[in-house]
Each structure stands twice: as structure tokens, then as C-alpha cells.
Amino acid sequence: MIPGRRTGKGRVHLTAGSAHDCRPLPKRTAQEGDVCRSLRLPHRRSPVPDLTPPDVLDFQNVSKTYPGQPRPALNDLTLRVPRGSRTGVIGRSGAGKSTLVRLISGLETPDAGRLLVRGDALGPATRAAHQARTGLVFQQFNLLAQRTVLRNVTLPLELRGVPRARRDALAREHLDLVGLGEYAGRYPAQLSGGQKQRVGIARALVTAPDLLLADEATSALDPETSAGILNLLLDLQRERDLTLVIVTHQLEVVRAVTTHVAVLDAGQLVETGETAAVLRAPRHAATRALLDAHRPQVPLAPDETLRRVTLPDLNPDTLAALARAGARIVQAEPHPQGLDVWIAAPAASPEWAVLA
């Protein structure tokens with residue numbers, strides 16, 4: 001400690017280092033204390049750590065072009081997938097969905113930009129760890145015909161060197177989870193399409209991933225079976241706090257289970273946001289085209305126009321507004337975000353803007 005040196009006439013000369021030594025001393029005068037406090041260095045608080053978990057996936061200006069192709073399969077894609085979300089990626093054929101799947105699964109690398117996975121850049125040093133925490137559910141099931149259901153589910157555990165007793169126990173547990181515990185000894189040829197996909201889901205989850213990627217998981221199934229698979233995925237996502245990414249061309253899948261949606265068109269991300277908001281008020285023509293693909297074929301009067309609106313419900317106020325507009329409901333499709341309602345009404349109706 002190097003205290004200030006007292007000089008004549010009450011002045012204080014601070015020697016080197018005294019600005020850092022502002023502890024009260026028994027003989028320090030009030031004037032000395034004022035000078036010392038005026039020279040005190042500002043107090044620096046330790047930064048509060050940010051405990052918010054990073055997004056599971058963070059695409060930053062990612063582009064990917066395949067050799068011999070005239071345009072990028074994905075071009076300058078920026079997209080974030082929050083932890084614990086259910087994100088649907090939708091687009092027409094050729095929109096870039098398959099390339100996105102291959103990038104997420106680590107089978108391809110970007111030509112430009114970067115992909116962060118759980119806050120870390122995906123690259124050769126992090127790819128294996130990312131793949132170990134990612135479960136994949138495929139469109140065509142990808143089951144091995146010569147293996148039983150049980151042995152199909154144990155396959156990823158075998159590749160990791162898990163002892164047989166442990167992997168058999170985990171496989172049976174997950175077959176019970178998807179409702180196929182009694183099918184462990186059967187072969188894929190003895191299963192229906194929906195049962196095959198349930199085996200695929202059990203196989204994807206047996207390694208305890210925190211990210212589940214479903215690539216057109218219901219497009220090969222009939223509507224009733226698809227609904228069962230989607231309900232199963234929804235239940236599992238909630239129970240296990242998974243982040244679920246569903247890649248699909250089916251709008252009904254996006255409506256049924258997702259919290260967020262990303263719309264791809266010709267390799268570009270054209271619209272993204274919370275599912276309810278995007279479906280209620282689509283901004284891009286590609287999104288509107290996907291919604292209009294379900295346009296009913298009905299005869300219209302010469303002065304009528306057919307429009308689709310997404311409503312929370314058909315309450316009395318809404319029905320009264322429709323009556324004032326001279327409108328008629330052509331078709332109503334309920335879904336978790338509300339109702340998609342097709343309405344035929346005079347184009348010049350003053351109530352039309354309110355409904356649309």
C-alpha cells in the first residue's frame with residue numbers, strides 16, 4: 001500500500017498507486033477522502049452469463065450448388081430453428097428441401113456461409129458429435145429386410161458398440177413406446193406402412209437424440225395412418241423435449257404439428273415465422289400458392305369471388321359479418337391454428353376486407 005503523502009497547507013500529494021488504495025485510514029482527513037474517492041477507478045461488474053440455450057440450428061447465409069447444376073440448390077439461406085420447436089420446412093418439388101435435409105444431417109457441407117448446430121459451427125471436428133445427437137426418420141422407412149424389427153432398432157446401437165443386453169433392452173423399450181412391443185420378432189415384409197414408419201421412429205430415438213429430423217415421414221402413407229404418425233411424433237416431441245424438424249410438401253402436416261414454418265421456393269427461403277401467423281396472413285406468392293392448392297372446385301356467380309381466410313373460429317360475430325357481406329361458406333377445414341375457410345362473396349362487399 002502506497003498512501004498519499006501529506007504536504008503543507010492541507011494539500012495532498014498522491015504517490016504512485018494511491019488511486020487504487022481508497023480504503024479508509026485512521027488519520028485520513030475529509031479532504032483526503034474526497035480526493036481519493038474522486039480518483040477511484042469505476043467498479044467493473046462481472047458480466048452476467050447468458051443462460052439462454054443457443055438455437056439448435058442456425059443457418060447463416062448458406063448456399064449449396066451441385067456440380068453441373070445451373071443454379072444453387074440453396075441460395076443465401078438464413079434460418080434459425082429454436083430449441084424445443086416443431087419447425088416445418090415446406091416447398092414444392094425442387095425447392096431445396098432435400099439439400100436442406102442433407103446439410104442438417106451432416107451429409108453435405110455448404111459452399112458458402114455456415115451452419116451452427118447448438119452454437120458450434122458444423123464441420124469435420126463437430127460432425128460426428130452432431131450426428132450422434134440427431135435422429136432421422138425417412139420417407140421410405142429404410143428398414144433392412146433381412147433383420148427383424150428388434151434388430152433394425154438395435155442397429156445404431158450396434159454401430160456404437162453398445163453391449164447386446166443393453167441395446168436389446170433399449171430397443172424393446174422404444175418399440176413399446178411406439179406401440180409395437182409385440183412385433184419385435186417380425187420382419188419388415190410382415191408390417192404395414194404405418195408400422196414400418198413406427199419402427200423407423202423407434203430406431204431414430206433409441207440413441208436418445210435431442211434433434212429429430214423427419215424427411216417426408218408421412219407422404220407414403222394414407223391419411224388415417226399419417227394422422228397417427230403425426231400424433232405420435234407430437235407426443236414424443238413433448239415428452240422428450242425434442243427439437244423436431246419436419247420436411248414436407250404437405251400443407252396439412254405443417255398445420256397439424258408445427259409451431260414454426262419455413263417456406264422454400266427455387267432454393268430461396270421466401271417466408272418464415274410462427275405457423276399460425278404465416279398461414280393466417282401469407283406474404284409471399286409461393287406461400288399463397290401452397291395454400292391455394294386446396295382451392296375447392298365450386299360454381300360461382302358472375303359477381304362472386306372465392307377467397308381463403310384463416311379464422312380462429314366461426315363465432316357469432318364472424319357469421320354476422322359473413323351475412324352482411326352476402327357471403328357463403330364453401331368449405332371449412334379445422335386444424336390446430338384455427339379454421340381454413342373458403343368463402344364465396346361479392347367482390348365489392350364492404351365486409352370483405354375485414355374477413356380477408
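Select Asp168 to begin. In this predicted model, aspartate 168 is buried, with a relative accessible area of 15%. Arginine 151 sits in helix H4 and aspartate 168 in helix H5, so the bridge ties together parts 17 residues apart in sequence.

Next, pick Lys64, Arg102, Glu108 and Asp111. Salt bridges with shared partners join these four into one network.

Move to Asp210 and Arg118. Their side chains meet in a salt bridge of 2.7 Å, N to O. This pair links distant parts of the chain, 92 residues apart: aspartate 210 is in the loop between H6 and S9, arginine 118 in the loop between strand S6 (112–117) and strand S7 (120–121). Aspartate 210 is partly exposed at 24%, whereas arginine 118 is buried at 15%.

Then select Arg83 and Asp241. Another salt bridge joins their side chains, at 3.1 Å, N to O. Arginine 83 lies in the loop between strands S4 and S5 and aspartate 241 in the loop between H7 and S10, so the bridge connects parts 158 residues apart in sequence. Both are partly exposed: arginine 83 at 48% relative accessibility, aspartate 241 at 40%. The salt bridge count comes to eleven.

Now for the core. The largest nonpolar core has 37 residues. Val137, Val153, Leu175, Val199, Ile201 and Leu212 have the most contacts inside it. Elements giving two or more residues include helix H4 (149–159), helix H5 (164–177) and strand S9 (211–215). H7 gives the most, with six residues.

Zoom in on Val153. Its contacts include Ala171, Leu175 and Val199.

Finish at Val56, Leu74, Leu211 and Val247. They are among the 23 residues of a second, separate core.

Terms used
Residues are numbered from 1 along each chain as its sequence is written. This is a predicted model: local features need pLDDT of at least 70, side-chain atom pairs count only at pLDDT 80 or more; totals for chains, interfaces and linings use all residues. Side-chain values use heavy atoms; hydrogens and water are left out. A nonpolar core is a set of buried Ala, Val, Leu, Ile, Met, Phe, Trp, Tyr and Cys residues joined through side-chain atoms within 4.5 Å. Buried means under 20% relative accessible area, exposed over 50%, partly exposed in between (1.4 Å probe, protein chains only). Helices (H or I, at least four residues) and strands (E, at least two) are DSSP runs, numbered from the N terminus. Contact means heavy atoms within 4.5 Å. Lists of a residue's contacts leave out its neighbours within four places in sequence.
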